[in-house]
Amino acid sequence: MNEASGTYFIDTNIWLYAFFQTESGTNKQKIARSLIENKNVVVSTQVINEVCVNLIKKALMSETEIQPLIQDFYTQCQVIEFNCQILMNASRLRQSYNLSFWDSLIVACALEAGVETLYSEDMHNGLIVSEHLRIVNPFEPSEG
């Protein structure tokens, strides 16, 4: 799978902007919602966990409401689950790119999925990982 087919990985922070209304975040919410509406979105179990814990913690959803959301992730997205290869690659990525533990797992899952773009607000915008994966902050003005 690749960008040509419209497939990309979405990090937790982008998902949360789609759910949260913030004072300065109206445009961010629109951008986030347009990204998650794609039918070729990839996430990892880590992203699902982080989205759910934040929605519960902020009292935006109850446990009863979280259950269909979890199901939606699995029916509407490609979900990458951790395995030994991903965990080992994440370790190599931490060494090579100085990524945090959690960010390295996100990047390793995106690489495992074979996508060309990882949307994240929290990582280094424009970084190319393993000559294949570009990290893009969708809220930054595009270069041009």
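Predicted model: local features only at pLDDT ≥ 70, side-chain atom pairs only at ≥ 80, totals over all residues.
A search of the whole structure turns up 0 disulfides. Two helix pairs get a closer look: α1 with α2, whose axes are 7 Å apart, and α5 with α6, whose axes are 8 Å apart. Two residues in the loop between β5 and β6, S130 and E131, are also worth a stop.

**Cysteines**

- A disulfide is a covalent bond between the sulfur atoms of two cysteines, and the count for the whole structure is 0.
- C52 isn't in a disulfide, and its nearest cysteine sulfur, the one on C77, sits 12 Å away. The cut-off for a disulfide is a pair of cysteine sulfur atoms within 2.5 Å.
- C52 belongs to helix α3, which covers residues 45-57. Its relative accessibility is 8%, so C52 counts as buried.
- Setting aside neighbours within four places in sequence, C52 is in contact with I66, L69 and I70.
- For a sense of distance, C52 and S62 are 10 residues apart along the chain, and their C-alpha atoms are separated by 9.6 Å.
- C109 is in no disulfide either: the nearest cysteine sulfur belongs to C84 and is 13 Å away. C109 is buried because its relative accessible area is 0%.
- C109 also turns up on the α6 side of the contact between α5 and α6.

**Helices α1 and α2**

- Two packed helices are described by the angle between their axes and the distance between the axes.
- Helix α1 spans residues 12-19 and helix α2 spans residues 26-36; they pack at an angle of about 115 degrees, with axes 7 Å apart. The two are therefore roughly perpendicular to each other.
- The crossing of α1 past α2 is left-handed.
- From α1, the contact draws on I14, W15, Y17, A18 and F19; from α2, it uses K28, Q29, A32, R33, L35 and I36. Sorted by type, those residues come to 8 nonpolar, 1 polar and 2 charged.

**Helices α5 and α6**

- Helix α5 (residues 84-97) packs on α6 at an angle of about 120 degrees, with the axes 8 Å apart. At that angle, α5 is oblique to α6.
- This crossing is right-handed.
- On the α5 side you'll find Q85, I86, L87, N89, A90, L93 and R94, which meet F101, S104, L105, V107, A108, C109, L111 and E112 of α6.
- S104 sits in α6, the helix of residues 101-113. With a relative accessibility of 0%, S104 counts as buried.
- Not counting residues up to four places away in sequence, S104 touches A90, L93, R94 and L99.

**F139, after β6**

- F139 lies in the segment that follows β6 (133-136). It counts as buried because its relative accessibility is 17%, and the cut-off for buried is under 20%.
- Beyond its neighbours within four places in sequence, F139 is in contact with I14, Y17, K28, I31, A32 and E121.
- Among those partners, I14 and Y17 of α1 and K28 and A32 of α2 also take part in the contact between α1 and α2.
- F139 and M61 are 78 residues apart along the chain, and their C-alpha atoms are separated by 25 Å.

- Most residues other than glycine have a negative phi. Here are two that go the other way.
- S130 isn't a glycine, yet its phi is positive, at about 55 degrees. S130 lies in the loop between β5 (128-129) and β6.
- E131 also has a positive phi, near 55 degrees, and is a residue other than glycine. E131 is placed in the loop between β5 and β6.
- Are these residues buried or exposed? S130 counts as partly exposed, because its relative accessibility is 40%. E131 is exposed, with a relative accessible area of 79%.

Technical notes: Residues numbered from 1 in each chain as written. Heavy atoms only, no water. Buried < 20%, exposed > 50% of the residue type's maximum accessible area, 1.4 Å probe, protein only. Axes fitted to C-alpha atoms, helices over the stretch in contact; angles between N-to-C directions. Helix = DSSP H or I, 4+ residues; strand = E, 2+ residues; numbered from the N terminus. Parallel < 35°, antiparallel > 145°, perpendicular 65-115°, else oblique. Left-handed = near helix turned anticlockwise from the far one by under 90°. Contact = heavy atoms within 4.5 Å. Nonpolar A, V, L, I, M, F, W, Y, C, P; charged D, E, K, R; others polar.
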